[in-house]
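Please open the structure in your viewer and keep the selection panel at hand. The stops below take you from one selection to the next.

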Amino acid sequence: SDRLLDVKDLRTSFFTHVGEVKAIRGVDLHIDKGEALGIVGESGSGKSVTSMSVMRLLQKPGKIIGGEILFDGEDLMNKTEKEMQGIRGNDISMIFQDPMTSLNPVYKIGDQIMEAIIKHQNLSKSEAREKAIEMLKLVGIPSPESRIDNYPHEFSGGMRQRAMIAMALSCEPQLLIADEPTTALDVTIQAQILELMNDLRDRLGTSIILITHDLGVVADVCSRIIVMYGGLIMEEGSVDDIFYRPKHPYTLGLIKSIPKISEKENKERLYPIPGSPPDLLNPPKGCPFAARCDYAMKICMQQMPEYTHVSDKHRAACWLLHPDAPKVEGVNSDIK
Ligand code: SF4
Ligand code: MG
């Protein structure tokens with residue numbers, strides 16, 4: 001089949017000294033071969049914990065407490081740590097926000113990239129070195145011929161980020177999970193890296209999960225978007241569904257928060273949806289967005305809404321989508 005990853009009813013908690021923080025509270029998601037999926041949401045929405053769970057990279061006190069993670073037909077939940085190590089950086093590779101988590105500080109940058117290339121492509125050492133230089137050039141490292149023998153600490157933060165991306169792409173993985181891969185980079189490099197990810201997908205059929213708080217970034221790469229909040233999926237749909245026909249008030253708020261082109265350089269901009277995410281130590285009984293939602297009704301505080309399937313691939317969890325809900329212009333007024 002075309003299905004590469006199928007996550008069902010994923011639940012992940014952090015067992016802290018003050019209690020159980022229910023970070024992921026039942027997430028279903030899938031990705032097909034060659035598809036690019038965006039997961040968006042504010043920090044604390046559960047988007048990074050979802051990807052760390054899929055990679056089985058959660059550290060204590062984090063623990064997957066339920067669900068299924070099928071990758072290429074195999075259940076990752078039953079893999080040993082050793083088997084997972086074989087899958088990571090081979091079939092699934094990950095780009096983190098913090099490059100030091102995947103670059104080894106004691107090896108030269110070039111050697112680390114060459115190792116990934118040699119492992120996955122049938123190239124000689126000198127060909128791999130050429131390829132590593134080419135990869136470093138692709139991600140925007142200036143004069144890569146002279147930088148390839150540097151150690152990670154000799155690179156700036158932005159350059160380390162780009163080197164890590166070069167390394168992740170060199171593996172030619174089936175699935176690339178990128179968590180805020182371009183957040184720390186300037187707009188030009190950011191565009192180049194997104195372009196590189198698109199190219200990888202076109203050329204090798206790599207599936208991509210792009211995790212970000214920035215809806216503008218997903219539009220460049222992804223065809224489908226999942227919007228997360230409070231450890232749950234609020235809305236899922238095609239890029240067009242999410243941008244032009246959003247149904248969930250949280251998605252509407254995110255779209256309104258996309259900066260204008262002229263403001264793009266301003267990365268420190270404040271998040272414009274007032275209020276903060278729910279406390280997942282004591283998750284709300286009803287809709288997690290209720291405390292911040294302009295349209296919240298009594299039932300929203302009492303009961304979590306079910307998903308309404310607006311169309312074949314478009315679903316959202318909001319009481320406004322219930323047939324008896326009052327009509328709100330620009331939200332649910334077009335729904336029968
Ligand atoms: Fe707002 Fe209620 Fe919909 Fe939640 S369920 S997003 S509180 S209207
Ligand atoms: Mg994160």
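Begin with the open sheet, where eight strands follow one another in the order S6-S7-S8-S3-S9-S10-S12-S11 with mixed pairing (strands are DSSP runs of E with at least two residues, helices are runs of H or I with at least four, both numbered from the N terminus, and two strands pair if DSSP finds at least two bridges between them). Strand S6 (92-95) and strand S11 (307-311) stand at the edges with a single partner strand each, so one side of each has no neighbour in the sheet. From one strand to the next, the twist averages 20 degrees.

This is a predicted model, in which local features need pLDDT of at least 70 and side-chain atom pairs count only at pLDDT 80 or more, while totals for chains, interfaces and linings use all residues. Residues are numbered from 1 along each chain as its sequence is written, and chains are lettered from A and ligands numbered from 1 in the order in which they are written.

Next, select residues 36-40 and 207-212, which are strands S3 and S8, running parallel and joined by five bridges; Ile 39 has Ile 211 as its bridge partner in S8.

Then select helix H3 (residues 109-120), whose buried residues (20 or more other C-beta atoms, placed from the backbone, within 10 Å of their own) are Ile 109, Gly 110, Gln 112, Ile 113, Met 114, Ala 116 and Ile 117.

Finally, show ligand 1, which 14 residues surround, the closest being Cys 287, Ala 290, Cys 293, Cys 300 and Cys 318 (near means a C-beta atom, placed from the backbone, within 6 Å).

Methods: A residue is buried if 20 or more other C-beta atoms lie within 10 Å of its own, exposed if 12 or fewer, and partly exposed in between; C-beta atoms are placed from the backbone. Axes are lines fitted to C-alpha atoms, for helices over the stretch in contact, and angles run from 0 to 180 degrees between N-to-C directions.
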